[in-house]
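Okay, thanks for coming, everyone. Let me put the structure up and talk through a few contacts.

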Amino acid sequence: MKIAVCVKQVPDSWAEKKMVNGVLDREGVDAVLNDLDEYAVEEALRIVEAHGGNEEGGANSVTIVSMGPERATEAIRKALSMGANDAILVSDAALAGSDALATSKVLAEVIKNGGFDLVICGTESTDARMSVVPAMLAQRLGWAQLTFASMVAVDPAANTVSITRTTEAGVDAINAKLPAVISVVEKINEPRYPSFKGIMAAKKKTIDSRDLAAVGVSAESAWSLVADSAPRPPRAAGIKVVDEGNGGNDLAKFLVEKKFI
Amino acid sequence: MSQVFILGDFAGDKCTKTTAELATAAARSGSVTAIVLAAPGAGATLAATVKHGPIANVLVVESTDFATHGVAAAADAIAQIIAQKSPNALLIASHAYGKEVAGRVAVATESGIITDAVDVAADLTATQLVFGGSTTVHSKVSNGVPIITVRPNSIEADLSDSTPAVENLSLTISDAAKLATTTSSTPPVKGGRPELTEAQVVVSGGRGTNGDFSAVEGFADSLGAAVGASRAATDAGWYPHSHQVGQTGKTVSPQLYVACGISGAIQHRAGMQTSKTIAVVNKDPEAPIFDLADFGVVGDLFAVLPQATQGVVAQKS
């Protein structure tokens with residue numbers, strides 16, 4: 001079983017994010033491995049561990065696939081220190097400001113040529129939060145889409161995968177033949193902390209850095225353009241009412257005005 | 001005339017208010033056609049519930065594949081509809097299913113996509129609130145048929161009656177869209193509260209509850225909210241520690257946070273101050289939590305919350 005896990009380096013979710021020239025300013029903030037991708041790395045490791053492990057030279061492996069600036073190697077090392085075998089980073093100045101369509105195109109090309117059986121992603125990145133890349137990957141690869149999984153079971157002998165899809169629309173049982181694209185929700189597992197041994201081992205693991213020419217696709221400009229962006233004004237002084245028998249109604253009215261109801 | 005298509009949004013066999021919201025936004029740029037994807041024989045029933053909002057036409061596609069092949073089958077049908085009918089834009093509800101369908105359609109039709117819009121102007125400029133609601137962004141699709149997903153409850157729906165013309169369209173879902181098969185579906189459990197950290201709305205109780213969370217829970221349930229608690233309340237054993245919001249508990253950043261009988265110690269504020277909108281109910285007019293409040297009621301939570309709960313329930317019905 002060869003598994004690719006797509007990860008993204010994102011600004012720390014605690015950092016104050018701002019827009020510069022229509023794109024997220026990534027320079028001035030701490031960058032980390034997208035929290036939600038850790039669940040994907042963990043699930044990939046659990047799958048290979050349940051089917052014979054991912055020791056060097058074995059049939060099972062977990063490859064981290066990412067697109068981003070050279071600096072994204074920091075986030076990739078985190079995933080490698082958890083236990084992934086190796087990584088591919090697509091890095092090219094022409095990719096700056098890429099949208100989800102361009103990102104999925106590059107990732108799909110890398111995956112298509114990598115001999116993978118399974119792709120696992122987090123449900124979204126904590127910066128753009130679009131939640132569309134896994135579906136786009138499945139569409140581009142022509143592979144089965146099994147997304148928002150709260151449970152994944154792989155049967156390598158039967159060449160099948162089944163998941164429990166958990167969304168606000170309910171719970172579905174979905175299965176498919178491999179290859180497939182999976183995204184996993186937070187509640188699926190508890191990602192392991194990298195051990196000291198894992199951190200040391202990660203330093204020696206290979207990160208195969210490729211530019212667009214090496215991947216074999218051309219850069220696509222984003223198909224949605226930001227016209228303008230502005231920080232929202234700070235919290236204005238609130239309204240304070242004293243309950244004289246109508247306080248609850250006032251509160252309900254406020255919630256209606258704010259469209260919470 | 002410009003035509004904008006929307007994907008009809010349904011809960012069970014009923015059209016949701018979200019459909020009217022999509023139609024309201026779409027009608028600013030053109031004549032609105034609602035796409036209805038249905039099981040064989042169910043199209044007319046579903047289409048009959050599409051009767052609110054500025055909708056001129058309903059396009060019904062029936063197939064067993066929508067239930068068994070989910071997102072991929074829906075996206076395949078919509079991409080075929082776009083190829084046949086060449087609409088000027090496509091609007092879809094911004095939930096997990098809607099965003100995934102939109103993503104696949106964008107790839108299939110080589111179109112740009114914008115997700116989580118809170119508003120869409122007549123020229124199809126979308127407004128988004130990004131980075132935890134701290135920044136407003138206006139953007140526009142520059143390629144193909146603009147595909148925009150719109151967050152439910154963001155646009156005030158024109159709910160006026162409409163009697164759209166219904167057209168049935170026969171399509172064959174491609175094999176490439178049938179790779180994943182849904183073998184069973186269970187609708188969401190009603191009455192179950194959402195996860196604290198994932199909830200759009202959180203209602204929390206503190207010392208002021210005196211150990212009685214019934215008013216807090218009642219209000220939370222009327223809003224479909226998660227229930228949180230201050231450290232004072234969890235330390236007193238009034239509510240499970242897993243529900244503690246604060247520095248030593250969970251950090252939440254919901255769209256709406258309602259703090260009830262919570263004074264607003266730093267420890268608590270650290271866990272909730274990035275919430276988009278904050279409402280407060282507290283007996284003590286000097287409680288520091290009022291500094292954060294967009295709306296504060298000085299009063300007894302056991303009087304204010306039941307009345308507010310009634311108000312919410314009345315508004316929803």
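So, start with Ala173(A): its bridge partner in β13(B) is Ser184(B). That bridge belongs to the pairing of β11(A) with β13(B), residues 180-186 of chain B, which runs antiparallel over 6 bridges. Pairing here needs at least two DSSP bridges between the strands, and strands are DSSP E runs of at least two residues, helices H or I runs of at least four, numbered from the N terminus.

Quick housekeeping: this is a predicted model, with local features needing pLDDT of at least 70 and side-chain atom pairs pLDDT 80 or more, while totals for chains, interfaces and linings use all residues. Residues are numbered from 1 along each chain as its sequence is written, and chains are lettered from A, ligands numbered from 1, in the order written.

Zooming out, 60 residues of chain A contact 66 of chain B, contact being C-beta atoms, placed from the backbone, within 7 Å. On the chain A side, α7(A) gives the most, with 9 residues. That side splits into 32 nonpolar, 15 polar and 13 charged; Ala, Val, Leu, Ile, Met, Phe, Trp, Tyr, Cys and Pro count as nonpolar, Asp, Glu, Lys and Arg as charged, and the others, Gly among them, as polar.

Now, inside chain A, which residues make the contact between α2(A) and α5(A)? From α2(A) they are Arg77(A), Leu80(A), Ser81(A) and Met82(A), and from α5(A) Gly198(A), Ile199(A) and Ala202(A). By class, that's 4 nonpolar, 2 polar and 1 charged.

Methods:
Two residues are in contact if their C-beta atoms, placed from the backbone, lie within 7 Å.
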